[in-house]
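Visitor: I'd like to go through some labels on this structure and hear what backs each one up. Can we take them in turn?

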Amino acid sequence: MTEKTASPDNLLKQIGKQKGPAPVHDWDPPYCGEMDMRIAADGRWYHEGSPIGRIAMVRLFSSILRLDDDGHHYLVTPVEKVRITVDDCPFVAQLLDVSGEGSGRQLTFTLNTGETVIAGADNAIEVTTDEAGQPHPVIEVRHGLKALISRSVFYQMVALAESGRDASADTKALKNNNSEDDIGVVSDGVFFALSGR
């Protein structure tokens, strides 16, 4: 593999003016090696140790990001696949918009890339605890890719919390084997526990 093959410029040429997530799960290009690109735990993208300052480039790269069954993250185009490093989650949920009430409530998260995600059956919220015993809340973005929910957004969610017992009868529990004693939030008809496991 030549260095030119696994370069950001070459990837950008291949994806052109992609809007929104590309259909990367439909593509099966050859593996072309690793690229010195890293997504830090705070959601910042780096190339060869330097931050990528242009949000348009970050958005473009995030649109071709894929998590494969081997647990590694790749930038994928129709003609090549290169592995990158992700320290924690590839996205960070920085803003929360709440609309509706009861089982009709929707929690809409805005990611550091500008993409929005509504929590629900296809975009589950999951809270675990890290090694220090602190909550590690994430939301599924797409195809296994997750966004870390920022501390300020998590505090907003805690302020909205209710017990599983109080959640509407037409709300269904998802993940974590929720019990009626769990404290959590409802979005799009789904109850998500906020206590870490």
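Predicted model: local features only at pLDDT ≥ 70, side-chain atom pairs only at ≥ 80, totals over all residues.

Visitor: Why is Asp68 called buried?

Guide: Buried means under 20% relative accessible area, exposed means over 50%, and partly exposed is in between (1.4 Å probe, protein chains only). Asp68 has 16% relative accessibility, so it counts as buried.

Visitor: And where is Asp68 found?

Guide: In the loop between β4 (65-67) and β5 (73-76). Strands here are DSSP runs of E with at least two residues, helices are runs of H or I with at least four, and both are numbered from the N terminus.

Visitor: What makes Lys81 and Asp68 a salt bridge?

Guide: The term asks for a side-chain nitrogen of Lys or Arg within 4 Å of a carboxyl oxygen of Asp or Glu. For Lys81 and Asp68 the N to O distance is 2.9 Å, so the pair qualifies. The two link distant parts of the chain, 13 residues apart: Lys81 is in strand β6 (residues 81-86), and Asp68 is in the loop between β4 and β5. Lys81 is buried too, because its relative accessible area is 15%. There's also a network of salt bridges linking Arg66, Asp68 and Lys81.

Visitor: How many salt bridges does a search of the whole structure find?

Guide: It finds 7. Among them, Glu115 and Arg142 meet at 2.8 Å, N to O. That pair also links distant parts of the chain, 27 residues apart, with Glu115 in the loop between β8 (106-111) and β9 (116-118) and Arg142 in strand β11 (residues 135-142).

Visitor: Are Glu115 and Arg142 buried or partly exposed?

Guide: Glu115 has a relative accessible area of 22%, so it is partly exposed. Arg142 has 13%, so it counts as buried.

Visitor: What about Lys146 and Glu140, why is that a salt bridge?

Guide: Because their closest N and O atoms are 2.9 Å apart, inside the 4 Å limit. Lys146 is partly exposed at 24%, whereas Glu140 counts as buried at 17%.

Methods. Residues numbered from 1 in each chain as written. Heavy atoms only, no water.
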